[in-house]
Amino acid sequence: NFALFSICVFVWGSTWIAITFQLGTVAPELSVGYRFLLASLLVFAYCRWRDIGLQFNRSQHVNLFLLGIAMFCVSYILVYHAELYIISGMVAVAYSASPMINMFASRIFFGTALTWRVFIAASLGIGGIVCVFWQEFSRIGRSQDIWLGSFLTVASVLWSCMGAMVAIRTQKQGIATWPSMAWGMLYGGCSAIAIGLLMGKPIVFMVTPTYLISLLYLALLGSIVTFAAYLTLLSRLGAARAT
């Protein structure tokens, strides 16, 4: 568990920076779509290689689609947009509240007991992140962009927590981690691109070292490795402690 947790901390802790290299010419919706489509293709290939079953019934696919929308699509689109307006440190602070939100969500949807231990740990986590970025916060002006970025971040956190609840539901249906990632990322990636097209965003792809390296990093490490670790922790520890 400690090894899985460490992977999430070190890799996801750096993806806030990697995301900033994806911003600019390519619409956030398309960058999210490229990221998770690439990740899903690699996970499907891994499942085929390991002979891991990928066949599910309609009810299971509905939950996998919801997982893709919440965890691998909307939450990330909102994060990418938020980082157009606010520093990545503010996004990190907002996401540090996820354990608290997941603890209450787990109680509502699955009857999981609330614990003071998780509540205190989550509070300390939020306080620590605020201390790290305090100087950056003190330089932020009161502009409309700040409020918009903050709203997008909060919405992203809520969608991410919703994704954690759906992930628990898929696990209760007996869907293993790797197949759920393969289908969820496929649904999420396709949905992100569809959202971009519906918004009138042009299909653009940047063939520059910065964009390609950050895309590969986000797809391989920031998506496949970390979500494999996180979803495994989710099944072992529950949403609040894992987050």
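The model is predicted, so local features need pLDDT of at least 70 and side-chain atom pairs count only at pLDDT 80 or more, while totals for chains, interfaces and linings use all residues. Residues are numbered from 1 along each chain as its sequence is written, and side-chain values use heavy atoms, with hydrogens and water left out.

**Exercise 1. Describe how helix α2 crosses helix α10.**

Step 1: Two packed helices are described by the angle between their axes and the distance between the axes. Helices here are DSSP runs (H or I, at least four residues), numbered from the N terminus. Axes are lines fitted to C-alpha atoms over the stretch in contact, with angles from 0 to 180 degrees between N-to-C directions.

Step 2: The axes of α2 (residues 28-49) and α10 (residues 209-237) come within 9 Å and cross at roughly 55°. That makes α2 oblique to α10; angles under 35 degrees count as roughly parallel, over 145 as roughly antiparallel, 65 to 115 as roughly perpendicular, and the rest as oblique.

Step 3: Look at the residues in contact (heavy atoms within 4.5 Å). Tyr-34, Leu-38 and Leu-42 are among those that α2 brings, and α10 supplies residues including Leu-215, Ala-219 and Phe-227.

**Exercise 2. Which side chains meet in a salt bridge, and where do they sit?**

Step 1: Side chains of opposite charge can pair when their charged atoms come close. The rule asks for a side-chain nitrogen of Lys or Arg within 4 Å of a carboxyl oxygen of Asp or Glu, and the count comes to one salt bridge.

Step 2: Lys-201 and Glu-29 form the pair, at 3.1 Å from N to O. Lys-201 lies in the loop between α9 (177-198) and α10, and Glu-29 in helix α2, 172 residues apart.

Step 3: Lys-201 is partly exposed because its relative accessibility is 23%, whereas Glu-29, at 1%, is buried. Buried means under 20% relative accessible area, exposed over 50%, and partly exposed in between (1.4 Å probe, protein chains only).

**Exercise 3. Is Ala-242 buried or exposed, and what does it contact?**

Step 1: Ala-242 counts as buried, at 6% relative accessibility.

Step 2: Leaving aside neighbours within four places in sequence, Ala-242 touches Tyr-230, Leu-233, Leu-234 and Leu-237.

Conventions
Helix = DSSP H or I, 4+ residues; strand = E, 2+ residues; numbered from the N terminus.
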